[in-house]
Amino acid sequence: MAQLKDMVQLQTVSGDPVAVGDVTLTPQSQALAIRWPKGGFVWNRPLAVLVERDGQTERIPIVDVTRTAQVVLLGTSLAFFLTTLIVSIWRRRV
């Protein structure tokens, strides 16, 4: 039987650096890979951009607005569901 660490992997990957004048940009992403015997699932998300200028490297994080919106929608849906459930249970008792 496969180990859990072989089935689920989270890794940070750097892309190919791009030089523009005296600035070098390197994109970074994070990949979640879940594998099972007859298939698997891979989810990639942007993480940051490394900016190298004058011998110094600066890491600029990428804010994934779509993922933030999805988490907010999920939280709102759960809150609405729980509120509806609690009101329904309360009405049955009264």
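Visitor: Why is glutamine 28 called buried?

Guide: In this predicted model, its relative accessible area is 15%. Buried means under 20%. So glutamine 28 counts as buried.

Visitor: Where is glutamine 28 placed?

Guide: In strand S3, residues 23–36.

Visitor: What is glutamine 28 in contact with, leaving aside its neighbours within four places in sequence?

Guide: Val13, Ser14, Pro46, Leu47, Ala48, Leu50 and Arg59.

Visitor: What makes the approach of glutamine 28 to serine 14 a polar contact?

Guide: The two side chains make it at 3.5 Å. The cut-off for a pair of N or O atoms is within 3.5 Å. The pair is therefore counted.

Visitor: How do you know that S4 and S5 pair?

Guide: Six bridges join S4 to S5. Pairing needs at least two. Therefore the two strands pair. They run antiparallel, and leucine 50 stands opposite arginine 59 in S5. Both leucine 50 and arginine 59 are also among the contacts of glutamine 28.

Visitor: Why is strand S5 said to lie largely in the open?

Guide: Strand S5 has six residues, 56–61. The number buried is zero, so the strand lies largely in the open.

Visitor: What makes the phi of aspartate 54 worth a remark?

Guide: Phi is near 55°, a positive value in a residue other than glycine. Most residues other than glycine have a negative phi.

Visitor: Is aspartate 54 buried or exposed, and why?

Guide: Aspartate 54 has 66% relative accessibility. Exposed means over 50%, so aspartate 54 counts as exposed.

Visitor: Why is lysine 38 called exposed?

Guide: Its relative accessibility is 83%. The threshold is over 50%, so lysine 38 qualifies as exposed. Lysine 38 is found in the loop between S3 and strand S4 (39–53).

Visitor: How far apart are the C-alpha atoms of lysine 38 and leucine 74?

Guide: They are separated by 30 Å. Along the chain, the two residues are 36 residues apart.

Visitor: Why is leucine 85 called partly exposed?

Guide: Leucine 85 has a relative accessible area of 38%. Buried is under 20% and exposed is over 50%. The value falls in between, so leucine 85 is partly exposed. Its place is in helix H2, residues 65–93.

Definitions and conventions
Residues numbered from 1 in each chain as written. Predicted model: local features only at pLDDT ≥ 70, side-chain atom pairs only at ≥ 80, totals over all residues. Heavy atoms only, no water. Helix = DSSP H or I, 4+ residues; strand = E, 2+ residues; numbered from the N terminus. Buried < 20%, exposed > 50% of the residue type's maximum accessible area, 1.4 Å probe, protein only. Polar contact = N/O pair within 3.5 Å; in protein donor to acceptor, adjacent residues only side chain to side chain. Contact = heavy atoms within 4.5 Å.
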